[in-house]
Amino acid sequence: MSAAERNIHDSHTPMMRQYLGIKAEHPDLLLFYRMGDFYELFFEDAEKAARLLGITLTQRGNSNGQPIKMAGVPFHSVEQYLAKLVKLGESVAICEQIGDPATSKGPVERRVQRIVTPGTLTDAELLPEKSERPLLALCVTRQRKQSIIGLAWLSLASGRLCVTEITAEENLLAARLRQELERIAPAEILADHAQANLLQEQLNSRATVVADWHFEIAAGERSLLEQLGTTSLAGYGAQNLSAALGAAGALLLYARNTQGKQLQHVRTLTVENESQFIGMDAATRRNLEITESLRGGQQGLGPTLLSTLDHCRTSMGSRLLRHWLQQASRDQQVARERHAAIGCLIDGDRIDPLSEALSPVPDIERIAARIALLSARPRDLSALRSGLQQLPQLQTTLKASHLSLPPLLQGSVQALQTPPDCLSLLERSIAEEPAPMVRDGGVIARGYDAELDELRALSDNAGQFLTDLEQRERERTGIANLRVEYNKVHGFYIEVTHGQTAKVPDDYRRRQTLKNAERYITPELKAFEDKALSAQDRALAREKLLYEQLLHELVSHIDTMQIVAQAVATLDVLVALASHAQRHQWCPPELVTEPGIELIQGRHPVVENTIERFIANDCRLSPERRLLLITGPNMGGKSTYMRQLALITLLAYAGSYVPARSARLGPIDRIFTRIGAADDLAAGHSTFMLEMIESAAILHGATEHSLVLMDEVGRGTSTFDGLALAWAIALWLLQNNRSFTLFATHYFELTQLPQSHTACANVHLSAVEHKDSIVFLHAVEEGPASQSYGLQVAQLAGVPAGVIRAARKHLSALEAHAAEVDGQFDLFAAAPEAVTETDAINAPVGAAREALEALQRMDPDQLSPREALDALYQLKQLIHADRSAG
């Protein structure tokens, strides 16, 4: 520290010096500095917190000659303020008093005990119940012209640690990274300076910047080995990773630093490979409305696939269901085992009993995480106790079926074994209805600790002692309204009204004067006060110590708790899916090795619940029938038909029954969609540009096992450009990608494609025209549609009648003109014979010919602007005179 800095430092008050020293260690965080019953913020932090939280900004005293700006929040309600700050993307350092004010000569010793960031939340009050808020670290290395993207992410609230690596060309780096971030949906991203800039500039994502050395690959590998307690990563399939290890090292270091302790619940590693799951890019997830509605995001303003299926009774089950839908496995055996379990639950009539038994089970997964971090609260432990007590009923209900259990349910029965040591410890140690916080007392059960019971007895007997003392003093003094009471400020006292003070004995010592009464203390009451209050303080201290010891003892049972949590969540999801399938007559899909999709009477899983009568439709795709051209009117159901095929495919591979009479599906590796119209003004992308970007991603990424949905490609540009692009894209998907494709279009010229390509077929959504209106039948039929019905749809939308009449008149004129010139332009017709320049010049007659000859005589380079304008008017008069003569 320089001399100038030392002078400035010394000019502050001792408490401010302490504050500034702690703040210097956390310059980018809001510092909540504990002072008595409040967390205070100072200077710039106070101004920022007052603005974000809407709390009062004040000024108190001076330090270094400057007024101290302050803002504070009560310690007992701090969680609600933290929740708001985290939602706004802020991080907070919580600085607690760890010294004893009674023995401190200077400022009470304080220390940052934890750091709260968007990606490191574990408190129930700060977390959404039904979704994860993972912390993700990004590390990118480069080899020749390719980049290796290493990702590691951790859900601190569950202990789930995952890594993956992706290789991408330099020009595709941002697109691949965007796809993975959409899939993982991190709450906070860690990156070095270079990658943080890339995230900000190309993906408009904010990152927490950490030092480059945090991402060293060798250090990351050592950190992982230490965390997992192993000598090799081969058992996890991570031995050949590089960039992902660097990301994992930075991730673990950051998580440990924010929590201020080891991550005892992070005990395994999952290495994810993109070939494990059915791939879906960000556009596909958005268009299919799997977890977020196009209308309302995650705010519940529209139904989603997840909200439709989520009948789970536990938060753990809801999170696992989300995971199954977002990351459906390509492995058909995984899905078949889930189908078998659902079938057994339905056939064995076990759905309602299991659903009832699951209802009381708490969020064991997150409670286990808080135990590991030593932050579990008393009611977490009482809830855990109740959950473990529920396990025998779950086991009994599962075994009650007369059917033999399939492997997945057999595994659940085994995993739901009650851990006797853990349950016994909780039953002995925690009170039946404990207080919310340890500091309130009443957490440890009676009989668990003899010393605590003795201290409590002293406090418990205080009530009887005070009653007896009050009665004796009334008899001794003759004061009938004398009262013996207690408050936290003045302790125990005897209260006498002013009219009776003459009767007060000599051994009464005045403690407090009120408007209408005097309060006294006696030697006997003082002796009892010292004993009782001392016992109460010692009981609270003893209870705090016992609770800390209990948490440390429970840490040894974390593995068992995590196994139970996973089994309960899996069972909960299966019961929810079985319940929905039974209620809506869904069928078990058949997954086969032969390529193709065959649906009989398929329905949209979300839309069927929102309308009175849903029209079911068939769909058949095979190696001989790879692309369906779908035509029909707007609002006829093309998009619904396309989406329902994708959702049924996703449901089948996620392990659910599907909304159809029967479903047969072959291998699927990815689902792509190009549906809907939107723009991205922030990125400078028009609707058509976004459409082409999404189309390009499909043409580059789709394979012969991919399912592709293309809706009205080419509509954002001129008719001929759009038609040409739609034709070329359809042909490319058919011949090069060879994907299973649904291609909806209003370009009727495309319906000629099946004439030259047998793997392409026409289908249409039927409609019936009645007078000037239209009735949508929503039934899919073979062959192309006869017309577009655009004017009828506009009329239904409420377009004024005058506009419709004008449009109909103009349409008739256009159709007549098209007939005169031998029909509408046909993209697939044979090219016309070439016309020579001489023929073109000699063809016109009359004034038109004179105009052409005049044009040939002109030299535009020699004309002034005025002369050019005059020549243009002369040519126009020639043409006008010719038409008038005609």
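**Basis.** I am working from a predicted model, in which local features need pLDDT of at least 70 and side-chain atom pairs count only at pLDDT 80 or more, while totals for chains, interfaces and linings use all residues. Residues are numbered from 1 along each chain as its sequence is written, and side-chain values use heavy atoms, with hydrogens and water left out.

**Whole chain.** I looked up the secondary structure and found 31 helices and 27 strands, taken as DSSP runs numbered from the N terminus (helices H or I, at least four residues; strands E, at least two). Of the 886 residues in the chain, 49% are buried, where buried means under 20% relative accessible area with a 1.4 Å probe and protein chains only. For contacts (heavy atoms within 4.5 Å), I noted that 67% of those between residues at least 6 apart in sequence join residues at least 24 apart.

**Cores.** I then turned to the nonpolar cores, meaning sets of buried Ala, Val, Leu, Ile, Met, Phe, Trp, Tyr and Cys residues joined through side-chain atoms within 4.5 Å. The largest has 113 residues, and Ile 371, Leu 381, Leu 394 and Leu 742 touch the most other members. Helix α22 (residues 558–583) gives the most to this core, namely 15 residues. Apart from this core lies another, of 32 residues, which includes Phe 215, Ala 244, Ala 248 and Leu 373. Not counting residues up to four places away in sequence, Ile 371 touches Leu 551, Leu 554, Val 555, Ile 558 and Met 561 among others.

**Thr 570.** Helix α22 also holds Thr 570, which is buried, with a relative accessible area of 11%. A polar atom of the Thr 570 side chain lies 2.9 Å from the backbone oxygen of Gln 566. Leaving aside neighbours within four places in sequence, I find Thr 570 in contact with Leu 320 and Trp 324.

**Second largest pocket.** Which residues lie nearest the centre of the second largest pocket? They are Arg 34, Glu 96, Met 437, Arg 439 and Lys 544, out of 44 lining residues. The largest share of the lining, eight residues, comes from α21, and α4 (78–87), β5 (92–97), β6 (110–116) and α8 (243–259) are among the elements that each supply at least two.

Notes:
Buried means under 20% relative accessible area, exposed over 50%, partly exposed in between (1.4 Å probe, protein chains only). On a 1 Å grid over the protein atoms alone, a cavity is a set of points where a 1.4 Å probe fits but cannot get out, and a pocket is an open set with protein on both sides within 12 Å along at least five of seven lines; lining residues have an atom within 4 Å of a point. A polar contact is a pair of N or O atoms within 3.5 Å; within protein, one must be able to donate a hydrogen and the other to accept it, and residues adjacent in sequence count only if both atoms are side-chain atoms.
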